Amino acid sequence: MAVIKVRNTGEVIEGKENVAAFLNKQGVLYEHWDARKLPAHLQNKFVLTDEEKADILAAFQSEIEDLAKRRGYQAWDVVALCEQTPNLEELLKKFEQVHTHTEDEVRAIVAGHGIFVIKGDEQTGYFDVELEAGDVISVPEGNPHFFTLMDDRQVVAVRLFIDPSGWVAHPYEEKEGA
């Protein structure tokens, strides 16, 4: 289950209902899929062939289609990151810059772990959402955030898009006093 750490207060939020309520208040969708649906031969595997990625999409097809129908997503794929990922350090440097998008950033973690750092409302400030297998998050369009890996540096996630060709990160600069 996801764990939230509020940076300016040190508050830790745990438990599916508490996490969902906190994120909902911040305008962030949070759901949980049954990660046990991941085929056994793909568990703890972070270097994937195109065929294996297709197997993951097939395993979670009903969940993906349900979320896509409710939220208007038109396309999806699988991303896998680990120590063997070519240019991992360069990718992480790009990911770890606060940015926004002109559509939601959606991730359904099916294996491993990751952290979204999200800018909350004025009172909350930035908070970390530590995600593990089964956690699904949608950071709203225009909301400053970034994604990074946890210490084990392994994640497999389904990404959903309204328009994957237009999914571009726009750098975000804090305004003075913010």
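A residue counts as buried when its relative accessible area is under 20%. H99 has 8% relative accessibility, so H99 is buried in this predicted model. The residue sits in strand β5, residues 99-100. Beyond its neighbours within four places in sequence, H99 contacts E105, N143, P144, H145, F146, A169, H170, P171 and Y172.

The overall fold was examined next. The chain contains 4 helices and 11 strands. For 178 residues, a compact globule would have a radius of gyration near 16 Å; the chain has 16 Å, in agreement with that expectation. The C-alpha trace spans about 50 × 35 × 30 Å along its principal axes. Of the 178 residues, 47% are buried. Contacts between residues at least 6 apart in sequence were also considered; 73% of them join residues at least 24 apart. The chain exposes about 9400 Å². Carbon and sulfur atoms supply 48% of that area.

Helix α2 covers residues 50-59. Its residues E52, I56 and A59 are buried. Viewed down the axis of α2, the buried residues fall within an arc of 65 degrees, so they line one face of the helix. D50 and E51, on the other side of α2, are exposed. The cover over the buried residues of α2 includes helix α3 (61-71) and strands β4 (75-81), β6 (105-119) and β10 (155-161).

Aromatic pairing was searched across the whole structure, and 3 pairs were found. One of them joins W33 and F60. Their ring centres lie 5.8 Å apart and their planes meet at 20 degrees. Planes under 30 degrees apart count as stacked, so the W33 and F60 pair is stacked.

L29 is buried, at 17% relative accessibility. Not counting residues up to four places away in sequence, L29 touches L67, R71, V136, I137 and S138. L29 and G114 are 85 residues apart in sequence; their C-alpha atoms are 16 Å apart in space.

Backbone geometry was considered last. Most residues other than glycine have a negative phi. N87 is not a glycine, yet has a positive phi of about 60 degrees. N87 lies in the loop between β4 and α4 (88-95). With 54% relative accessibility, N87 counts as exposed. R153, also not a glycine, has a positive phi of about 50 degrees. R153 is placed in the loop between β9 (145-148) and β10.

Technical notes: Residues numbered from 1 in each chain as written. Predicted model: local features only at pLDDT ≥ 70, side-chain atom pairs only at ≥ 80, totals over all residues. Heavy atoms only, no water. Buried < 20%, exposed > 50% of the residue type's maximum accessible area, 1.4 Å probe, protein only. Helix = DSSP H or I, 4+ residues; strand = E, 2+ residues; numbered from the N terminus. Arc of directions from axis to C-beta. Contact = heavy atoms within 4.5 Å. Phe/Tyr/Trp six-rings, centres within 6.5 Å; stacked < 30°, edge-to-face > 60°. Rg over C-alpha atoms; globule rule 2.2 N^0.38 Å. Areas by Shrake-Rupley, 256 points an atom, 1.4 Å probe, with all protein chains shown as cover.
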